[in-house]
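Hello,

Here is the structure you asked to look at, with my notes below it.

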Amino acid sequence: MSTLDILLWGVLPYVTIAVLVTGTIWRWRYDRFGWTTRSSELHESRLLRIGSPLFHFGLLVVIVGHVIGLLIPKSWTDGVGLSQQAYHVQALLLGALAGFCTLAGVAILIYRRRTTGPVFAATTRNDKLMYVVLVAAIVAGLVTTLLGAAGGEEHNYRLSVSPWFRSLFVLQPDIEAMSHAGTAFHLHTLVGMALFALWPFTRLVHAFTAPLGYLFRPYIVYRSRTGGSATRAPRRGWEPTNSTRRPRQ
Amino acid sequence: MRVMAQMGMVMNLDKCIGCHTCSVTCKQAWTNRSGVEYVWFNNVETRPGQGYPRRYQDQERWKGGWVRNRRGRLQLKAGGRWRKLMTIFANPVLPNIRDYYEPWTYDYEMLTDAPLGDDFPVARPKSLLSGEPIDIEWSANWDDDLGGAPEHGPLDPIVERLRKESEEKVKFTFEQAFMFYLPRICEHCLNPSCVASCPSGAMYKRAEDGIVLVDQDRCRGWRMCVTGCPYKKVYFNHRTGKAEKCTFCYPRIEVGLPTVCAETCVGRLRYIGLFLYDADRVSEAASVADEHDLYEAQLDLLLDPDDPEVLAAARREGIAEDWLDAARRSPVYRLAKQYRVALPLHPEFRTMPMVWYIPPLSPVVDRLTETGHDGEDAGNLFGAIDALRIPVEYLAELFTAGDPAPVRTVLQRLAAMRSYMRDVTLDRPRDESIATAVGMTGAEVVEMYRLLAIAKYDERYVIPTAYEGEAHQLEELGCSLDVDGGPGMVAGSGPFGEASGRPAPVSVETFHALRDRQTSESFADPGTPGARINLLNWDGKGRPTGLFPPPHEVPPHEVPPGPGDITGRSAATPSSTDPEEGR
């Protein structure tokens, strides 16, 4: 276990989480106006209609795959009688398929962004950096999946990466386990951490406000002129006299 | 009964001359920014025509508004909640920018900087989106005044529908053509489908006055509202990635001023006032089975402000006395419900729109006179309604879901008013039978004439201020001033300079601007940051110094040659306004 290992797998993850959390809070408090998808569908929709669902739905499957692979211990799947071989095959098929959809989707979107004049003109430097890291993360992830397929059962990440990932959350990082994972896994994890550190400062934040509440709220929203987020709550100690109102949230 | 107050507008189309002043002043006040170049919260369309955006009325294509499903309940035409979330990554029915128009500017610099040559320099159009030169092929008023009507007119969705019934109804040959203007703003509907479409809940209907707004801090740019609105009056700011829409000029309405479009209307055709309506029955009224009943159902929602029961219910809901008083004097209630001459736009979208229109009575008198009849005789006028140049069927498709009866009634009332008032003007005995023929009394006709023809500012705009309604919360104003740096520091100065940080509430900005103006000796000095003139507060008096940027200072040694010597300057110093250039 070298110093580099400790830095990469023992320190960096916490730095990433700290940046992700504080960055998101900062963005929410300071720049809620900038919290948007910044959609460019108004300019071009033909390619977007193919690329965007391909990318987003692919990504959702990829996320579910990560959750299963990282959070569910191997002993559990063994317990329900799923053999390592069977698990590997389904993870590989589903992962590769979803990964390819995501990559194809993002490729279409980037091609569209570069070739459609108004969309390219609306692309910021922030967007470009985000795209580089995002594509790197997807490619690295796909490479690890495919390497696993090419080499048969070369490396079982559920005995190295997954225990390390889970151990992060009990503040006992299993650096030893992670240091034994392959280079491809190391690379994918590092790029992934870079993506999460970048997340709060890019347009990716829109994912944090996925509008699931829409399924449950009444159709027509009424809001009073006062209250709501447009006016400030009085500062502590500045509540008006004779005010029985509680400070607005 | 749950009484709510709603700001409403009536436009008298007979008076609209299509000057677009409302559109221009609205744009100056609200959408003269980058990102909304193509946006007109207020636009004036020539009918028949395709409108803006192109063919927005064709809901088979754009899927706006509500439909009644088989179980008799309302559902969004573009699909329910699940469908919305499933198509959120690429909205299948979002208009493209070209359905509005690609905004452009001209390469004006070319006119002054072009090198001397044989040809006149030309300012070519270039796109405001990509910066590339473009060919202008469409814009918000491309078919204004029937321009290109033989080509564009048949694409009007209403013309298409009428022609399915009979080829004869709408003609575009010069002798048989007709047209009128239709100014449009957001309808501030009672049952707004844009609000229902917003996944993040950023759009809302204000409980006090029914104005529909977008919370810019909660909008996430999912674009569903643009699809949801059948009038296509919610727009996407492609720069900020947020939805924007007509605000009914709420900062003005709150202090009792009419909207900018109404204030500047040359024909004085707009009326603003309050409706009281029963919020509990809105869904029921919007889901009546027969589309032709929608107009009546909508009228039924409007409550009589003189009815003691309504007043008691309104007081229970906390509506202030001055608001009830304004509701009693409301010109829009009188025109829509009492005289029944104002009709809603496209009630078949089932959104219960609250901007109403008095349909235009075509130039009928002259036509009748030409044919040797007394053009102002009531009998002749009534007979002529169905032979008017603007087909009643066309107006019915716009205002009553295709039912010609209410339109005919309105036009007859307008015709009866002319005929009845002729006797009044000529001091002849009044013929009460004219009024009773259209179900009114003579006194009512005179009152309606007063409101339509000579009503002054304070009769056309009866707008209660926001303040009495919330007097108990006035201390909010005090709280809002204790921002960092204290009062006076409001005008746009966050930690990283102007426009950084969170925007100041409009009420605070308005308060400061008005106070500065009332307490200072002179007009604002444009040199001080934040002292620009806010058009929303400008009362139209004088020409404040800050209204226009200071004139460009020309260094004394480079005074341009006189008007007689046009070529001299461009030949000698092509672009030498900058002394540092060292030529």
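Two strands are said to pair if DSSP finds at least two bridges between them. One such bridge links B:Gln6 with B:Phe275, the latter in β12(B). This is a predicted model, so please take everything that follows as read from predicted coordinates.

The sheet in chain B

β1 of chain B covers residues 3-12 and pairs with β12(B) through nine bridges, in the antiparallel sense. Both belong to an open sheet of four strands in chain B, ordered β12-β1-β14-β13, in which the pairing is mixed. β12 (270-278) and β13 (343-344) of chain B are its edge strands, each pairing on one side only. In general, strands of a sheet pair through backbone hydrogen bonds, either parallel or antiparallel.

Where the chains meet

Between the chains, 43 residues of chain A are in contact with 50 residues of chain B. On the side of chain A that touches chain B, at least two residues each come from α2 (46-71), α5 (117-121) and β1 (222-223). Of the elements, α2(A) gives the most, with five residues. By residue type, this side of chain A has 19 nonpolar, 15 polar and nine charged residues.

There is also strand pairing across the two chains. β1(A) is joined by two bridges to β8 of chain B (residues 203-206), and the two strands run parallel. Within this pairing, A:Tyr222 stands opposite B:Lys205 of β8(B).

Confidence

For the complex, the predictor gives an ipTM of 0.86 and a pTM of 0.82. Chain A has a mean pLDDT of 86, with 88% of its residues at 70 or more. Its residues 227-231 have a pLDDT below 50, and this stretch has nine contacts in the model beyond near neighbours in sequence.

The average pLDDT of chain B is 84, and 81% of the residues score at least 70. Over residues 474-493 of chain B the pLDDT is below 50, with 27 contacts in the model beyond near neighbours in sequence. Residues 562-583 of chain B also stay under 50, and for them the model has 13 contacts beyond four places in sequence.

How should such stretches be treated? Where pLDDT is low, the predicted coordinates should not be read in detail.

Regards

Terms used
Residues numbered from 1 in each chain as written. Chains lettered and ligands numbered in written order. Predicted model: local features only at pLDDT ≥ 70, side-chain atom pairs only at ≥ 80, totals over all residues. pLDDT = per-residue confidence, 0-100. Contact = placed C-beta atoms within 7 Å. Nonpolar A, V, L, I, M, F, W, Y, C, P; charged D, E, K, R; others polar.
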